[in-house]
Amino acid sequence: MSASTETWGAPPAEWTRSHLLGLETLSKEEITLLLDTAERFRTEILEDPRGTGRKIPLLAGRTIVNLFFENSTRTKTSFGLAGRRLGADVVEFAAATSSLSKGETIIDTAQNILAMGVDGVVIRHSCPGTPHILSKRLEHCSVLNAGDGTHEHPTQALLDILTIRRRFGRIEGLTVALVGDIAHSRTARSDIYGLKKLGAKVIVCGPSTLVSQGWRELGVEYSYSLDAILPRVDVFNLLRIQFERQVVRPFPSIREYALLYAMNAQRLAACKKDVLIIAPGPINRGVEITPEVADGPQSAILDQVTNGVAVRMAALWLTLTAGQKNSK
Amino acid sequence: MSASTETWGAPPAEWTRSHLLGLETLSKEEITLLLDTAERFRTEILEDPRGTGRKIPLLAGRTIVNLFFENSTRTKTSFGLAGRRLGADVVEFAAATSSLSKGETIIDTAQNILAMGVDGVVIRHSCPGTPHILSKRLEHCSVLNAGDGTHEHPTQALLDILTIRRRFGRIEGLTVALVGDIAHSRTARSDIYGLKKLGAKVIVCGPSTLVSQGWRELGVEYSYSLDAILPRVDVFNLLRIQFERQVVRPFPSIREYALLYAMNAQRLAACKKDVLIIAPGPINRGVEITPEVADGPQSAILDQVTNGVAVRMAALWLTLTAGQKNSK
Amino acid sequence: MSASTETWGAPPAEWTRSHLLGLETLSKEEITLLLDTAERFRTEILEDPRGTGRKIPLLAGRTIVNLFFENSTRTKTSFGLAGRRLGADVVEFAAATSSLSKGETIIDTAQNILAMGVDGVVIRHSCPGTPHILSKRLEHCSVLNAGDGTHEHPTQALLDILTIRRRFGRIEGLTVALVGDIAHSRTARSDIYGLKKLGAKVIVCGPSTLVSQGWRELGVEYSYSLDAILPRVDVFNLLRIQFERQVVRPFPSIREYALLYAMNAQRLAACKKDVLIIAPGPINRGVEITPEVADGPQSAILDQVTNGVAVRMAALWLTLTAGQKNSK
């Protein structure tokens, strides 16, 4: 293997957190350390040319539980792969068939799992703050937030930021537009925290029914016209319309939304030449983005997915080793 | 690692059973051997202080299938973790989406799984006796009963007994009360078999609608009043009201049940000072037990969960190596 | 271990395909190479007498995803076990709870999984041709067809053929009858391609409503009477009536079907003495086959299951190493 547990080195002493709950409370230095570590996992492990060296057993003997109370494909699979590439055992917890249906509280469920000797819990839950509550009740166990309601989704933001940094070599001074369903997006919130701390300018852009006014205090610019901002944006993050979260449809028709906000070839032509298009996915082709843009050279949508595994390897390694200083 | 396959030693020759179907047919010596082995797994493997030594590959190369036909969180996860900590591959079999829905019999399903080269099957099924039938039809494969209808749940009883033995240093001479839903409880039945063989006195306590009269012949005492037995009991095992198994509600209201049978702070004050409170979970907070008792110092509810992994490691190791004497 | 990665040898240079999409496009030599490789896995790995040597880490460090869009027990479990016995990480993808329900296309789902760094995708889908489309869109990733609608199911046919070859020592010159639900069977189609290429004579036999006329051009013989062909057939493959695929019932009653086409003791007596009975399962006992035949000495139904793991190990090893010639 190109990298082994011997040559990789010890966990960085600067990292002291056992949990990854959100980007709001992280410092610029902590976010940078996460990104630097993910960059190493990406280039030294995931891109190992021989195919057989894409694992490094830094977490051998550890057990991680995927505790997803909302449906998920990519985040759950990504965390699962990240854990396995670090040599950990990953246990999938199917919330739908669990004891919660027998009347148990989520704290009791989590404490039970922990008592079985688990080192890390990756949790997604529709209720904001659930990972924070768990992190206070679970001792000797790392909690990683994989999305809590409309609050935060830190690893998604970290992979967005890593993808941007890999393209431009920096975050400082860039203008990043978050387009679309900002009201329902935990990714937008985490993106704003992370991008602002690293020195980017952030514009939120979408129909007024989808853009929360409360975020003005975070220091972001507002725009209701995508066309107006095209020439001055370095990165567009096209958030998906989350039909499954909406009670009332916030625009007259999908057709109208696409007419005003879809990134298509015509709009792309009005952008900077080196503009970067990212999207958290799963994308609605023809709604937020047209196929020729999604599959075109400015798009880094699939690159984001690869970076997601690297970011989650970094997050798992840093938090699980920070919480167990008495380990080897 | 503090323990390795080299220093751990060979499987004990006194153990000869390939299957763990229930405690009714085990001798006092066999139950003690299971408990002693579990105690070793708990202290030498699960409590390894470095976090990285919590695996011992005694079953490396073996494959175990989790065949759960009833919903389960803790038992399935616990068996899965136990198998993985022994280095085995654990395959989850989702019964709901299986060929059984295409008209296949359970024997055919099991024989098919076995023909794929499986060394152990952990089965939960609503029909009493299913593990016994399988054990007669499957050659060269261990069958472990993870609960068969209202019949037995041997590993749950073993973890209860291990938890008691770790607290008191013995079982002989103790008075153990099983409180609540005795009629629907396979755990109660296995507890009675195991505790009686090891020399404990057992009291079953609950409303008359929940206490099976048939168990008088097992030599247990009956009580319909929890308050009457509080001062002379060493261990209370608070069985959960299994609302999901009941056709007719066996008491007027949950409120009345809790009034008469919930273990609360007031009742705890009338107990022996060193009384031990256990519960198989998932607990209904406020029904069988109040939060201050569940989370208090007399409770060993979470300790039971840890012991569950140790007991299942012992059961898997002893049965799978007993059935394969021609292995290394 | 009786076999190790050192003594096993390099992947055969004659095999050059990264995908296994069907038997239609394979040469006689390629099918024979798959069977020979599976035979080695069966005898040298799966039948290792010590139980601990049934793994060989030829695909250590590789990741395989099980992408099943139709329910499956045996095929999914069999591929999962085959991958694990080769030392690969196997990730189960639960299609029902996936992003497809959020409107994502299957190509996007697959590309996302691939971007996470996956080496092989095992796919079952109700739409014929899905594996072929994926294989054209996924670079550096092997695609294995685990059943695409009513089209092909190559590993099922390979395990049928391996089972026949192990019994008779050859395929050339044998007469093989496929009985029953030929219209809905992808297994029948793959069986015909494979058996014909290896020199067998194939008879398709069933009620006219279940036998597709289009297969005459593949050079198979037709028969509407099972009794008429009993004395001259070497192998009967009893295809299951797939009630779940039928819109209109193609015969008056199950009783009548069984009367005319079930393999029972009386019919078996009219067969050749060394006749071989196989069935893809899950079997409908009393419909295509009676219990005394299914469990009798002429039946190789469970042997097929064991061969299935061997065939899938061969398919995974050959395709994944063919596609990654730059690996060690």
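Okay, let me start with one pair of residues: C:Leu178 has C:Asn237 as its bridge partner, over in β8 of chain C. Keep in mind that this is a predicted model.

Strand β5, residues 175-179 of chain C, and strand β8, residues 235-238 of chain C, run parallel and are joined by four bridges. Zoom out and you get an open sheet of five strands in chain C, ordered β7-β6-β5-β8-β9, with parallel pairing. At the edges sit β7 (221-223) and β9 (276-278) of chain C; each has a single partner strand, so one side of each lacks a neighbour in the sheet. On average, neighbouring strands here are turned by 20° against each other, ignoring direction.

What lies across β5, β6 and β8 of chain C? That's helix α7 of chain C, residues 186-197, and it runs at about 160° to β6(C).

Now over to chain A, which has twelve helices and nine strands. Its radius of gyration is 20 Å, close to the 20 Å the globule rule gives for 328 residues, so chain A is as compact as a globular protein of that length. Of those 328 residues, 54% are buried.

Last stop, helix α2 of chain A, residues 28-46. Its 19 residues reach 25 Å from first C-alpha to last, close to the expected 27 Å. The buried residues include A:Ile31, A:Leu35, A:Phe41 and A:Ile45. Down the axis of α2(A), the buried residues fall within an arc of 165°, so they line one face of the helix. And what do they pack against? Helices α3, α6, α7 and α12 of chain A.

Terms used:
Residues numbered from 1 in each chain as written. Chains lettered and ligands numbered in written order. Predicted model: local features only at pLDDT ≥ 70, side-chain atom pairs only at ≥ 80, totals over all residues. Helix = DSSP H or I, 4+ residues; strand = E, 2+ residues; numbered from the N terminus. Expected span 1.5 Å × (residues − 1). Buried ≥ 20, exposed ≤ 12 C-beta atoms within 10 Å, placed from the backbone. Arc of directions from axis to C-beta. Contact = placed C-beta atoms within 7 Å. Rg over C-alpha atoms; globule rule 2.2 N^0.38 Å. Pairing = 2+ DSSP bridges. Axes fitted to C-alpha atoms, helices over the stretch in contact; angles between N-to-C directions.
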